[in-house]
Amino acid sequence: MSQAKLFVVDDDEAARTLLAEALVKEGYEVEAFSSGQAAVERGKQSRADVVLTDIRMEQGDGFLVLKEFKKFSPDTSIVLLTAFGSLEGAIEAIKQGAYDYLAKPFKRDEIRLVVQRSLEHCRLVRENARFREDARAREPWSQLVGSSPAMLEVYKLVARVSEGRSTVLIEGESGTGKELIARAVHLNSPRRDKPFIPVNCGALPDHLLESEMFGYEKGAFTGAVGAKAGLFEAADSGTLFLDEIGDLGQALQVKLLRVMQEQEVRRVGSTASVKVDVRIIAATNRDLATLVKEGKFRDDLYYRLNVVRIVLPSLAERREDITMLAHHFLQKYAKQSLHVRGFLPETMALLKRYHWPGNVRELENAVERAVSLSHGPLLLPEDLPESIRAEPDSGELLKGQPAEGDQDALLTLDEVEKRHLARVLKETRGNKVKAAKILGIDRRTLYRMAERFGLDFGDEAEEK
């Protein structure tokens, strides 16, 4: 980020001037305003990275500034300046979308730290926005995401095989995106304007799958009240995608082999054959070569299918793509929750550390869940499933402790109270009298809050 631009808004001239001069000395470009309305009008003309605004002003209070900036500049970090010890004001500020708050009077080191964190938050939000724009700019049909060496090899194979009509066998673990690759082959081929028909070979018993794939004539079996074309005929001139081909029974393997050899299909209950022009793309998460050795899969069909073989890497083998994939899925599901715009660094660190047994599909489900649970613009670690947060070697972050840089994210109200109380206890070194005075509560309430959140007063606690 180039030289950061800050707005200081306060109708107290002395306070406004003092804060603005201090920030200028820190190397920031600063504009000062005596009213919230003036800051809002200026903000519409010139983007600010951080706005520090007093809450109580006669012409446009701090919450008005917050509300308006969220409309036209949602990536600007807003810091509200509150009355000393106003916990309620702090909670309301966070609830309405402020990045942070400061209680007057504040120390220079405190304002310096808050501004630094606010700028980092602004940078993260804008960086996430760029990821979304990159995803939006992709071809509308393409769901293929990733730039790791392993995926680049897959893309090269897709590009080479798409123009022909050779049968393609796609191998990979469940959730690696085999159907997406099959669709990419089809959509880059001369058949792109013709049907793409997917069939899950493991979803139906063989007798039902046979009638679905090859069709049937009236009276061929009980319930066949009329003739019906099968999926091979529906895919004529296009592509038939046979997913989980390793689950196909022996009898259907024979019939499939015949169709591939003769390019014609015979409906169940018929003696006539129908010519079809269908490209076959098959996929499996099983080792077909091993099934052939075990006598569970025909070797002649295996060789017919295995003309061009594409092996998809697991997500654990392409960890470089996790960030790009996560943002891709965020873009997809943020349409249902418009306030979500990105990931907190600690959240992304968890995603990149997890071993992903369910591969890309599991990552997509995790992001969808996080978006639906999030209350702020950046997804937090607690928005992720427990299985991801409980990954071994995750450190203090996974024990529920706030990581460095996570203290000031947009949080639930309970978390805001807990973290603010922990902060006050740390600053007062556990002094109950001072802590209660700063928080504006009595000591009995302080004890109840500390007990509720599992906090203690430390070894240095004194009562003076």
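How many cavities of 30 Å³ or more does a search of the whole structure find? The search finds two, and the legends below visit one of them along with other parts of this predicted model.

**Figure 1. The whole protein, before we zoom in.** The protein has 464 residues, and 50% of them count as buried. Its secondary structure comes to 19 helices and 16 strands. If we take the contacts with a separation of 6 or more, residues 24 or more positions apart account for 71%. The accessible surface comes to about 22900 Å², and carbon and sulfur atoms hold 49% of that area.

Figure 2. The elements that give two or more residues to the lining are α7 (178-187), α13 (322-333) and α15 (359-373). By class, we find nine nonpolar, six polar and nine charged residues here.

**Figure 3. The largest nonpolar core, a set of 30 residues.** Which members touch the most others? They are Phe 232, Leu 240, Leu 242, Ile 245 and Phe 297. Two or more residues come from each of β7 (196-200), α8 (206-214), β10 (239-243), α10 (250-262), β13 (279-284), α11 (288-293) and α12 (299-305). Of these elements, α10 gives the most, with five residues. Another core, of 24 residues, lies apart from this one and includes Leu 315, Leu 325, Tyr 354 and Leu 379.

**Figure 4. A closer look at Ile 245 and its contacts.** Here we set aside the neighbours within four places in sequence. That leaves Ile 245 in contact with Leu 169, Cys 201, Leu 256, Ala 282, Ala 283, Thr 284, Leu 288, Phe 297 and Leu 305. Among these partners, Phe 297 is, like Ile 245, one of the core members that touch the most others.

**Figure 5. Helix α8 and the elements it packs against.** The buried residues of α8 are Leu 209, Glu 210, Ser 211, Met 213 and Phe 214. They pack against β7, β8 (215-216), α9 (231-234), β10, α10 and β11 (264-266). After α8 comes Gly 215, with a positive phi near 85°.

**Figure 6. Glu 244 and Asn 359, two residues with positive phi that are not glycine.** Glu 244 has a phi near 55° and lies in the loop between β10 and α10. Is Glu 244 buried or exposed? With a relative accessible area of 14%, under the 20% cut-off, Glu 244 counts as buried. For Asn 359, phi is about 60°, and this residue is found in helix α15. Asn 359 counts as buried because its relative accessibility is 0%.

Note on methods. Residues are numbered from 1 along each chain as its sequence is written. This is a predicted model: local features need pLDDT of at least 70, side-chain atom pairs count only at pLDDT 80 or more; totals for chains, interfaces and linings use all residues. Side-chain values use heavy atoms; hydrogens and water are left out. Helices (H or I, at least four residues) and strands (E, at least two) are DSSP runs, numbered from the N terminus. Ala, Val, Leu, Ile, Met, Phe, Trp, Tyr, Cys and Pro count as nonpolar, Asp, Glu, Lys and Arg as charged, and the others, Gly among them, as polar. A nonpolar core is a set of buried Ala, Val, Leu, Ile, Met, Phe, Trp, Tyr and Cys residues joined through side-chain atoms within 4.5 Å. Buried means under 20% relative accessible area, exposed over 50%, partly exposed in between (1.4 Å probe, protein chains only). Contact means heavy atoms within 4.5 Å. Accessible areas come from the Shrake-Rupley method with a 1.4 Å probe; for residues, only the protein chains shown count as cover. On a 1 Å grid over the protein atoms alone, a cavity is a set of points where a 1.4 Å probe fits but cannot get out, and a pocket is an open set with protein on both sides within 12 Å along at least five of seven lines; lining residues have an atom within 4 Å of a point. Grid points are joined across faces, edges and corners, and a volume is the space filled by probe spheres set on the points.
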